[in-house]
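Colleague: I'm new to this one. Can you walk me through it?

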Amino acid sequence: MITSLARSKIRSAIVALTAATALSLAGAATVAPTEAAAAAGVENEGADCAVPGLPDAGSLPTNSKLPDPFRKLDGTRIAARSEWRCRREEIKRLAEKFVYGEKPAKPASVTGTVSRTGITVNVNHNGRSSSFSASVSLPSGSGPFPAVVVLGGFGADTAAITAAGAAVINYDPYAVGREGTPRTNKQGAFYTVYGASSSTGLLLAWGWGVSRIIDVIEQSDGSILKADATGVTGCSRFGKGAFVTGAFDQRIALTMPIESGSAGVPIFRGIPGEGAQSLSSAYGEQPWLGDAFGTFTGTPARLPVDTHEMVAMVAPRGLFIMDNPHITNLGPRSASVAALGGAEVYKALGAGDNLTYWSDIQDGTHCANRAEWRTPLQQNIQKFLLKTGNAAGTIRISSRAPGNLSEWRDWQTPALSDSGDTTAPSTPGTPAASGVTATGATLTWTASTDQGGSGLAGYDVYREQGATDPQLGQSATNSITLTGLTANTQYQVYVRARDGAGNLSGNSSPVTFTTTASGGDTSPPTAPAGLAASAVTSAGATLSWTASTDDNGVAGYDILRAPGASGGTFTQVGTSATTSYGDTGLTPSTTYRYQVRARDAAGNTSAVSNTAQITTQPGTSTGGCTAVATVQTQWATGYVIQPLAITNTGASTITGWTVTFTLPAGHTLTGSWNGTVTVSGQNVTIRNVGHNGTLAPGASTSSVGFQASRPNGNTAVPAGYTCA
């Protein structure tokens with residue numbers, strides 16, 4: 001049970017800064033250490049805030065300066081730290097509407113498993129379901145461990161993370177939101193649930209996936225991973241994802257984006273003048289940003305928000321931004337302005353030393369592990385995840401790309417009061433449970449009274465469960481209807497009141513209730529049998545199996561697929577209401593394994609079927625194709641090719657393509673995306689993946705790209721691309 005002051009109280013009690021964070025060119029500005037802010041107990045603390053109507057895109061004025069993060073939608077400015085909770089919610093709603101698309105609340109059902117090697121996630125919502133998984137690498141010791149979710153698998157210093165004592169969760173964002181898809185037909189676990197035409201961009205979809213991983217960790221017994229000590233990191237496009245993920249889930253204690261570039265940390269308003277990747281290019285390259293952002297690619301000054309406010313959304317939690325001043329295309333000058341602007345909110349909340357921005361580095365290679373970052377990386381892990389350190393935040397901006405906040409703002413940072421209220425509300429009455437079902441219950445309790453003058457703000461509802469009590473929800477009144485509970489499970493729940501200054505009452509006496517057993521059905525269906533594949537082509541196959549049986553009827557089947565003849569993780573790729581399924585979008589000449597499981601109406605799932613293995617037929621390339629490479633960015637020791645555009649030049653549709661080229665001497669491939677790559681010496685072969693192999697006559701795919709390193713001073717890039 002929670003016995004210490006809750007998280008919002010901890011934040012309001014953080015000691016004020018003793019030194020202001022200042023710009024330092026190739027130097028450091030530090031502030032006196034303060035207590036690390038704990039992560040919140042819920043994904044979004046401001047969900048219960050009353051937010052005025054948001055403006056329409058057509059009515060937005062042009063403002064070349066950064067919006068004032070302290071000015072509310074009603075035109076007034078916040079005056080107390082307790083007001084930040086609802087001001088942050090306003091920023092969140094604006095960012096969703098105009099930049100990223102909506103991040104839906106927690107789905108009706110999130111289940112899964114946590115083991116010492118992996119995490120599985122199963123989501124069911126409004127009759128739709130999807131699944132994905134992530135692998136886990138534990139540090140030495142017995143645990144439980146804090147964990148850092150690494151998006152995309154490259155650029156993060158995982159050795160330093162595990163050496164610091166944190167686990168690494170290797171998360172493939174493409175399982176949740178694929179690149180290389182049109183905005184009208186987005187693919188992945190998020191879009192399986194919310195629709196292929198959802199206006200939400202990939203960055204927030206990837207963040208949704210991390211949130212669901214945290215849901216599963218919270219539901220585990222806590223013996224392997226800690227539920228209240230999660231970080232997130234990633235580099236390049238996955239740095240964009242890590243930044244947005246941390247901004248939109250307040251359970252994340254430490255956010256660490258690396259070289260995120262346009263659509264990441266850099267302020268939108270600064271990108272055109274700096275010469276970074278243009279907003280139209282970032283918007284068009286992949287559906288990273290929400291569909292609504294397309295209106296602003298040429299007029300970012302009309303946006304009612306900017307990324308300094310995304311930095312502020314992380315406050316007062318830990319934030320460590322790693323940037324590269326050697327690559328103008330990444331917008332490092334604009335990124336430093338975003339950090340400096342967001343730091344003003346951190347300072348106003350008394351948490352300025354919880355933010356670090358570091359671009360003062362010597363090595364310009366994109367997404368390299370750097371010695372300069374290793375110590376602050378481990379210090380941040382110790383401070384925010386292990387709770388064993390208290391190192392002060394640092395601003396180290398390289399003289400190669402210095403930002404000047406004064407050029408971008410016409411507002412000043414207020415001195416936010418603590419409201420003078422340090423008196424907690426009275427303890428709520430014992431909750432009473434009613435309307436208990438398999439997945440929900442309604443609780444009511446005698447209201448608390450405010451005793452300090454700041455007004456009663458609402459209630460937090462917790463489940464008593466081991467060392468860390470998960471927060472089940474928040475309410476502005478003395479009742480709440482809980483949803484997404486587990487059937488046939490005992491819950492012991494208590495309530496705490498919260499006032500406008502962030503003071504929390506004592507715990508109410510708990511109420512104990514047990515959810516029903518879904519109409520008495522707790523028996524899973526039998527496992528499907530006789531799974532077999534037929535009609536195997538270069539891009540698809542048909543699966544069939546013998547029907548399962550269930551005492552109350554089988555509702556459908558989940559189809560699971562894994563890559564290769566061995567290894568790999570089975571992930572859900574579709575569902576079927578019958579005993580057959582056609583899988584499409586596969587890669588030619590590739591081996592896959594399949595399993596099927598049955599579901600009943602109560603949500604019980606069977607054991608998996610036998611495994612069926614296929615190898616797709618070789619792809620055809622009637623009429624031929626071409627491959628044209630564009631150098632997106634380059635620096636002294638490396639370059640990025642994006643896009644490597646493949647075009648069908650024939651008169652018939654092709655269902656597969658293969659591009660070959662030779663790297664110049666001394667060059668090494670360091671990363672790639674949206675293609676299956678093999679390297680033999682300096683010879684590189686890139687084959688299509690499932691979603692970009694089929695091209696109609698004249699059609700192209702521009703989702704493929706790669707990154708390479710080269711000797712310092714060598715200016716060569718590959719040439720002589722062939723496509724077949």
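Modeller: We'll go through the disulfides, a helix, some strands and a few single residues.

Colleague: What should I know before we start?

Modeller: This is a predicted model: local features need pLDDT of at least 70, side-chain atom pairs count only at pLDDT 80 or more, and totals for chains, interfaces and linings use all residues. Residues are numbered from 1 along each chain as its sequence is written, and side-chain values use heavy atoms, with hydrogens and water left out.

Colleague: Okay. How many disulfides does a search of the whole structure find?

Modeller: Three. A disulfide here is a pair of cysteine sulfur atoms within 2.5 Å.

Colleague: How far apart are the sulfur atoms of Cys49 and Cys86?

Modeller: They are 2.1 Å apart. The link is left-handed, with -80 degrees about the S-S bond. It ties distant parts of the chain together: Cys49 is in the loop between β1 (29-30) and α2, Cys86 is in helix α2, and they are 37 residues apart. Helices (H or I, at least four residues) and strands (E, at least two) are DSSP runs, numbered from the N terminus.

Colleague: Is Cys49 buried or exposed?

Modeller: Cys49 counts as buried, at 8% relative accessibility. Cys86 is partly exposed, with a relative accessible area of 29%. Buried means under 20% relative accessible area, exposed over 50%, and partly exposed in between (1.4 Å probe, protein chains only).

Colleague: And where do Cys235 and Cys367 sit?

Modeller: They form a disulfide with sulfur atoms 2.0 Å apart. This pair also links distant parts of the chain. Cys235 is in strand β7 (residues 225-235), while Cys367 is in the loop between β10 and α11 (371-386), 132 residues away. Both Cys235 and Cys367 are buried.

Colleague: Which cysteine is joined to Cys625?

Modeller: Cys723, with S to S at 1.9 Å. The link is left-handed, at -95 degrees about the S-S bond. Cys625 belongs to strand β26 (residues 625-635) and Cys723 to strand β34 (residues 719-723), 98 residues apart. Cys625 is buried at 10% relative accessibility, and Cys723 is buried at 16%.

Colleague: What is the pairing, numbering the bonded cysteines in sequence order?

Modeller: It runs 1-2, 3-4, 5-6.

Colleague: You mentioned β34. What does β34 pair with?

Modeller: β34 pairs with β28 in the antiparallel sense, over three bridges. Two strands pair if DSSP finds at least two bridges between them. Val659 has Cys723 as its bridge partner in β34. β28 is also joined to strand β31 (residues 683-687) by five bridges, again antiparallel. There, Thr658 stands opposite Arg687.

Colleague: Which residues are on the covered face of β28?

Modeller: Val659 and Phe661. The uncovered face has Thr658, Thr660 and Thr662. In a regular strand the side chains alternate between the two faces of the sheet.

Colleague: Tell me about Phe661. What is Phe661 in contact with?

Modeller: Phe661 is in strand β28 (residues 658-662) and is buried, at 3% relative accessible area. Contact means heavy atoms within 4.5 Å. Leaving aside neighbours within four places in sequence, its contacts include Gln682, Val684, Phe706, Pro718 and Tyr721. Phe661 and Pro718 are 57 residues apart in sequence and 7.1 Å apart in space, C-alpha to C-alpha.

Colleague: New topic. Why is helix α9 largely enclosed by the rest of the structure?

Modeller: Eight of the eight residues of α9 (residues 307-314) are buried, so the helix is largely enclosed. Among them are His308, Glu309 and Met313.

Colleague: What covers the buried residues of α9?

Modeller: The cover includes α2 (84-100), α6 (237-248), β8 (252-258), β9 (318-322), α10 (332-348) and β10 (355-358).

Colleague: In what order do the strands of the open sheet with β13 come?

Modeller: β12-β13-β16, three strands with antiparallel pairing. The edge strands are β12 (432-434) and β16 (479-482), each pairing on one side only. β12 pairs with strand β13 (residues 441-444) over three bridges. Ala433 stands opposite Leu443 in β13.

Colleague: Last one. Where is Asp157?

Modeller: Asp157 lies in the loop between β5 (145-151) and α3 (158-163). It is buried, with a relative accessible area of 12%. Leaving aside neighbours within four places in sequence, Asp157 is in contact with Asn369, Arg374 and Leu377.
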